[in-house]
Amino acid sequence: MKMMHIHAINLPRFVIVGPNVLPLIKDVMSRLNVRGDVLLVCGETYTKVPAGFVKSSLEEAGVRVHTVEVCDASEASVKIVQDTARDSSSSMAVCVGGGKSIDVAKLASHREGIPFVSIPTSASHDGIASPNASVKNASGSISVMAQPPIALLADTEIIARSPRRFIISGCGDIIAKFTAVRDWALAHRLRGDYYGEYAASLALMSAELVTENIDLIARGLDVGVRVVIEALISCGYSMCIAGSSRPCSGSEHLFSHALEKLNAGKAMHGERCGVGTIMMMYLHGGDWKGVKDVLCKIGAPTTARGLGVTEDQLIDALTIAHTIRPDRYTILGEKGITKEAAEDLARITGVIS
Ligand SMILES: [Zn+2]
């Protein structure tokens, strides 16, 4: 008899989304029965104000709080957070911040064996509820399995006030699921990789939800911001259920990581993934023009110039993308694509002119 794939599903216990939900942190902590000190991880910029609010709320509840600021998603930052958690004997990490601080807090808390609470201040990528974290080390940025947050408080008012570009990046990361799921299904058919229909549907549903509501998001309405947040949370759930980032990360993510590896431009993760999705959808023979239209509507980049990279850098990224994560089979295959094919691909889809 053929062995069935077995994996454990670890999901967040409390998910609270809405305006002004920050004061609910006290209830969440009491329901989680938190005893002892808590480590507060926050970013350096505008996240300090909500982080300060969370700190005083916790202190009012009689919890001793140790604060650590994170400036980037690097192994060095993870180590600082781990050291602070250990030195303070914190029993839980609470992160109030953007994608980078959340990645760092997630990985550090996982390594220290303590739970973490995610309080995102922006909706720039799908890590707010996912079990994996993307952290830079000497060989570039890698996504590693850590743990999902035990609780998630997404305050829509705070997130709506974050820079517009963050929401645009979040949308790019969600649109990416259209090709990520196709790549996953391909790896299943060609290589027998585990494929979970439910996790795949959940990821796809997020991308469809954002596509259907793109006008609301483009107009900057709060209801649009909420759609993006809920879609990102749903992506996080799909990864928890799949037990890997597979439903949310395919060839378009490999392209994004390749640009990062080449140190090309300063575009955000989701912006790069959005452009990658246009091109990978072309390779899949799908509706790449539809993907491009959606990104155009919200003012997301759709070209090399929009990503702040040269045409040569973009083509190089396409040709090395398959080497970023060889275990992850995608439409780029094991050998990747030639320079000529990459040029054609980028030209036909209008990513280069
Ligand atoms: Zn992503």
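The model is predicted: local features need pLDDT of at least 70, side-chain atom pairs count only at pLDDT 80 or more, and totals for chains, interfaces and linings use all residues. Residues are numbered from 1 along each chain as its sequence is written.

**The whole chain**

The chain has 16 helices and eight strands. Both are DSSP runs, numbered from the N terminus: helices are H or I with at least four residues, strands are E with at least two. The radius of gyration is 20 Å, close to the 20 Å that the globule rule gives for 353 residues, so the chain is as compact as a globular protein of that length. (The radius is taken over C-alpha atoms; the rule is 2.2 Å times the number of residues to the power 0.38.) Along its principal axes, the C-alpha trace spans about 65 × 55 × 35 Å.

Buried residues make up 55% of the 353. A residue is buried if 20 or more other C-beta atoms lie within 10 Å of its own, exposed if 12 or fewer, and partly exposed in between, with C-beta atoms placed from the backbone.

**Two domains**

The chain is divided into domain 1 (14-160) and domain 2 (164-348). These bounds come from an automatic or database domain assignment. The C-alpha centres of the two domains lie 26 Å apart. In domain 1, 22 residues are in contact with 29 residues of domain 2. Contact means that the C-beta atoms, placed from the backbone, lie within 7 Å. On the side of domain 1 that touches domain 2, β1, β7 (140-145), β8 and α5 (156-160) each give two or more residues. β7 gives the most, with four residues.

**Strand β8**

Strand β8 covers residues 151-155, and five of its five residues are buried. Ala-151, Leu-153 and Asp-155 lie on one side, Leu-152 and Ala-154 on the other. Two strands pair if DSSP finds at least two bridges between them.

| Partner strand | Sense | Bridges to β8 |
|---|---|---|
| β1 (residues 14-18) | parallel | five bridges |
| β5 (residues 116-120) | parallel | two bridges |

Ala-151 in β8 stands opposite Phe-14. Ala-151 is also the bridge partner of Val-117.

**Helix α12**

Helix α12 (residues 269-283) has 15 residues and reaches 21 Å from its first C-alpha to its last, close to the 21 Å expected. The expected span is 1.5 Å times one less than the number of residues. In α12, 15 of 15 residues are buried. Gly-285 follows α12, and its phi is positive, near 75 degrees.

Conventions:
Two residues are in contact if their C-beta atoms, placed from the backbone, lie within 7 Å.
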